[in-house]
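Have a look at the fold shown here before reading on.

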Amino acid sequence: VIDPKLAKMLRPHQVEGVKFMYRCTTGLIDENAQGCIMADEMGLGKTLQCITLMWTLLKQSPEAGKGTIQKCVVACPSSLVKNWANELTKWLGPDAITPFAVDGKASKEELTIQMRQWASATGRAVTRPCLIVSYETLRMYVQELAGMPIGLMLCDEGHRLKNGESQTFEALNSLNVKKRVILSGTPIQNDLSEYFALLNFA
């Protein structure tokens, strides 16, 4: 059930989008494939739909009192890190979730420690369930996150992953995360092999 505070904001097409992503990421469509591409055009509310999906998976599961996932990574261009943090507050309210937004202010040593702590936290120790990080920073710190299970990964402006050989693609692909959603208004830009790389990643 979508949280009522979000449900009253969602337009009909967004409800459909959230249902689609939920069915994809929980294996209801194909149990071996737990990802999808959210390919709405600009202005149709991809961010809100993905926040709704994330919030639903964090807070609910078929088992009462348990979430489906404990942690989520939002990977995006560096210019959008702050924007994502603001959107979480805007839609969920100021006290609902404390994101770990990597804004480049911490030193390398501090960030390495913070990333490790975030990766290893489980259960009640997860105080900041959502890591918001730029593709470049994620690539640099992928070792700190490697191996630790992450519930969900949202890749904003995800057409950047269309080159299956790129370092960013390989870094993200090495993370231990099954549920993957790519946000892109333009998943098919040039050729089908790029589209395949996105689908295959998701």
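Predicted model: local features only at pLDDT ≥ 70, side-chain atom pairs only at ≥ 80, totals over all residues.

Residues are numbered from 1 along each chain as its sequence is written, and side-chain values use heavy atoms, with hydrogens and water left out.

**The sheet**

Helices (H or I, at least four residues) and strands (E, at least two) are DSSP runs numbered from the N terminus. Six strands make an open sheet, ordered E1-E6-E5-E2-E4-E3, with parallel pairing. Strand E1 (35-38) and strand E3 (100-101) stand at the edges with a single partner strand each, so one side of each has no neighbour in the sheet. Two strands count as paired if DSSP finds at least two bridges between them.

| Strand pair | Sense | Bridges |
|---|---|---|
| E2 and E5 | parallel | four bridges |
| E1 and E6 | parallel | four bridges |
| E5 and E6 | parallel | four bridges |

Individual residues show how these strands line up. Val74 stands opposite Leu154 in E5, Cys36 has Val181 in E6 as its bridge partner, and Leu152 faces Lys179 in E6.

Five of its five residues are buried, where buried means under 20% relative accessible area and exposed over 50%, with partly exposed in between (1.4 Å probe, protein chains only). Lys179, Val181 and Leu183 lie on one side of E6, Arg180 and Ile182 on the other, and both faces are covered. In a regular strand the side chains alternate between the two faces of the sheet.

**Helices around it**

Which residues of helix H9 (residues 192-201) are buried? They are Glu194, Ala197, Leu198 and Phe201. Seen down the axis of H9, these buried residues fall within an arc of 95 degrees (taken from the directions from the helix axis to the C-beta atoms), so they line one face of the helix. Leu192, Phe196 and Asn200 are exposed on the other side of H9.

Helix H2 (residues 12-25) packs on H3 at an angle of about 45 degrees, and their axes are 9 Å apart. H2 is therefore oblique to H3, since angles under 35 degrees count as roughly parallel, over 145 as roughly antiparallel, 65 to 115 as roughly perpendicular and the rest as oblique. Axes here are lines fitted to C-alpha atoms, for helices over the stretch in contact (heavy atoms within 4.5 Å), and angles run from 0 to 180 degrees between N-to-C directions. Among the H2 residues that meet H3 are Val18, Met21 and Tyr22.
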